[in-house]
Amino acid sequence: MDSAAAAWAARIDARAGEPLPELDSWLAADPRHTGALLRAEAILAMLAANPDVASKVEVGVRPAQPFKRWLVAGCGAVAAMAAATALFLATPRPAAIYETGAGEVQQIALADGSAIAIDARTHVEVDFGGTTRRISMTNGRAIFRAAKGDDRPFKVVVGAITITDIGTEFQVYDDPTTATIEVLVTEGEVRIDGPGQSMSLLAGQKVRVARSGRGPIRSGGEAISTREILRRTAWREGRLELDGDTLAEAIAQLNRANQVQIVIADPSLAGEELHGAFRMNDPRGFAQAVAISLDTAITERDGQISLGS
Amino acid sequence: MPGHSQERIRWVARHIIPAEPQVRASLRAAGAQLDEVDDLVQDAYCRFAAMDSIDQIERPAAYFMQMVKNLRRDRLRRDKVIQFEEFTEISAPFVNTLGANVEAEIGARQELQMVDAVLGGLPDRCRTIFTLKRIEGLSQKQIAQHLGVSETIVENDVRKAVRALQAALRSDHDEKEDGPSIAADRQRAS
């Protein structure tokens, strides 16, 4: 296909402006041909470009912070600080406190080799001084990966609930709006203890329990699909994963994470279902992609992006 | 008027082709096989060809990267090949590359050097044809008259040059894992 496309690009260049009926039938023969031709024509344009002009080529990527795996942070100095924390704070003091702001995701490497990815607006305290590796958390969301080979149990305490790790990775979401805690196990197994009751949760399961520990802790977790796990943990990669979510829902998530706010100017767009992955910290990129796919306009003023205006 | 619009071709030449090696390398780093990479890149060009307007794409290289990433995720989901333990790995390389604008700029410079390297590796007549095209802005017909050869010969040389850059774009990342590519060696030598 590339070979044929190269021949057509050369032919089009040779017959500048003349109609080429055979080209139409070649393009019609396979929908991929049109893309192959565009690429070949662009390659020819590159080769034929005046080098003085061509040297001014820019790649359209805006300055951004360097990224580490897991560590996709918000903006500017905060992100740089988060990166520094993750890389150099290998030995936390007893009861080290980590707090994240809007749009900030932190990756903490702990002394025992465990790791925590902390989502925006989350408060986490790490106390590894005693006979347990104890982490307490309030508000927000974090993913814990407990290192094996340390005899002390790895415990996450939220409200009246304690989640004990049995060699694994799991996400804890302390949802202040419903006063519930959602635990999602991505690998291995955890035990969840509340006042007078206990349950275990396996990889691929999630459970939601009352923060107070009152109310039943069910004997088994709800199984969820791999796809759903990917979606629910996408935040640590700085991704917003959409799979049929409405534009309004997506914007609510982005606005929580960013200073730049998106508003929907055309209410008929709010219910549009979206698919795809976006960078959580790039509301402009999101708005542009949405504008293109929904064929609508965007305007930006005073840190507010208006869609459908 | 046959072919794609000049505006679209220039935009792709300026923003998309220079980003292609990086996009391919990211796909490879994310575990995509060579033929899958070809398919995804091909698919992306089809979408660029089909778009009504490219005016709203402020950061085309990032957009390109995002597009193949989405296309790949859709495929993986469709094929249900995501294994549980893979889930933390899948999109990290994409995120990394999207953020690394320094790499992207270096990539663009390398790309220009790649054009020079490709032209430098062509036979003399073919190189002369492109010198006349680039510096003098002559058409294929004028070049044929100037060199005293048939128009078919000029067209054929132009085709060979396009083939050479097509191949360079594909091969660059394939060889990176094992060692430096020929194109990269040429760049260092020059």
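**Figure 1. Secondary structure of chain B in the predicted model.** Followed along the sequence, its elements give the pattern α-α-α-α-α-α-α-α-α-α. Of the 190 residues in chain B, 42% are buried.

**Figure 2. Confidence along chain B.** The mean pLDDT of chain B is 74, and 71% of the residues reach at least 70. Among the elements of this chain, helix α3 (residues 34-50) of chain B has the highest mean pLDDT, 91. The lowest mean, 37, belongs to helix α5 (residues 92-99) of chain B. Throughout residues 81-104 of chain B the pLDDT remains under 50, and the model has 51 contacts beyond four places in sequence for these residues. Residues 173-190 of chain B also have a pLDDT below 50, and this stretch has 20 contacts in the model beyond near neighbours in sequence. Where pLDDT is low, the predicted coordinates should not be read in detail. For the model, the ipTM is 0.78 and the pTM is 0.45.

**Figure 3. Packing of helices α1 and α3 in chain A.** Helix α1 (residues 2-14) of chain A packs with helix α3 (residues 32-48) of chain A at an angle of about 55°, and their axes are 8 Å apart. Because of this angle, α1(A) is oblique to α3(A). The crossing of α1(A) past α3(A) is right-handed. From α1(A), the contact involves Asp2(A), Ala5(A), Ala6(A), Trp8(A), Ala9(A), Ile12(A) and Asp13(A). From α3(A), the residues in this contact are Ala36(A), Leu37(A), Arg39(A), Ala40(A), Glu41(A) and Leu44(A). Sorted by class, the contact of α1(A) with α3(A) comprises nine nonpolar, no polar and four charged residues.

**Figure 4. Packing of helices α2 and α3 in chain A.** Helix α2 (residues 21-29) of chain A crosses α3(A) at roughly 120°, and the two axes come within 6 Å. At this angle, α2(A) is therefore oblique to α3(A). Trp26(A), Leu27(A) and Ala29(A) of α2(A) make the contact with His33(A), Thr34(A) and Leu37(A) of α3(A). This contact of α2(A) with α3(A) has four nonpolar, two polar and no charged residues. Leu37(A) takes part here and also in the contact of α1(A) with α3(A).

**Figure 5. Arg121 of chain A, a residue with positive phi.** Most residues other than glycine have a negative phi. Arg121(A) is not a glycine, yet its phi is positive, near 55°. Arg121(A) lies in the loop between β3 (115-118) and β4 (123-127) of chain A. Because 17 other C-beta atoms are found within 10 Å, Arg121(A) is partly exposed.

**Figure 6. Asp295 of chain A, another residue with positive phi.** The phi of Asp295(A) is positive, about 55°, although this residue is not a glycine. Asp295(A) is placed in the loop between α8 (283-293) and β18 (298-301) of chain A. With 8 other C-beta atoms within 10 Å, Asp295(A) is classed as exposed, because a residue counts as exposed if 12 or fewer such atoms lie within that distance.

Notes. Residues are numbered from 1 along each chain as its sequence is written. Chains are lettered from A and ligands numbered from 1 in the order in which they are written. This is a predicted model: local features need pLDDT of at least 70, side-chain atom pairs count only at pLDDT 80 or more; totals for chains, interfaces and linings use all residues. Axes are lines fitted to C-alpha atoms, for helices over the stretch in contact, and angles run from 0 to 180 degrees between N-to-C directions. Helices (H or I, at least four residues) and strands (E, at least two) are DSSP runs, numbered from the N terminus. Angles under 35 degrees count as roughly parallel, over 145 as roughly antiparallel, 65 to 115 as roughly perpendicular and the rest as oblique. A crossing is left-handed if the near helix is turned anticlockwise from the far one by less than a right angle, and right-handed if clockwise. Two residues are in contact if their C-beta atoms, placed from the backbone, lie within 7 Å. Ala, Val, Leu, Ile, Met, Phe, Trp, Tyr, Cys and Pro count as nonpolar, Asp, Glu, Lys and Arg as charged, and the others, Gly among them, as polar. pLDDT is the predictor's confidence in each residue, from 0 to 100. A residue is buried if 20 or more other C-beta atoms lie within 10 Å of its own, exposed if 12 or fewer, and partly exposed in between; C-beta atoms are placed from the backbone.
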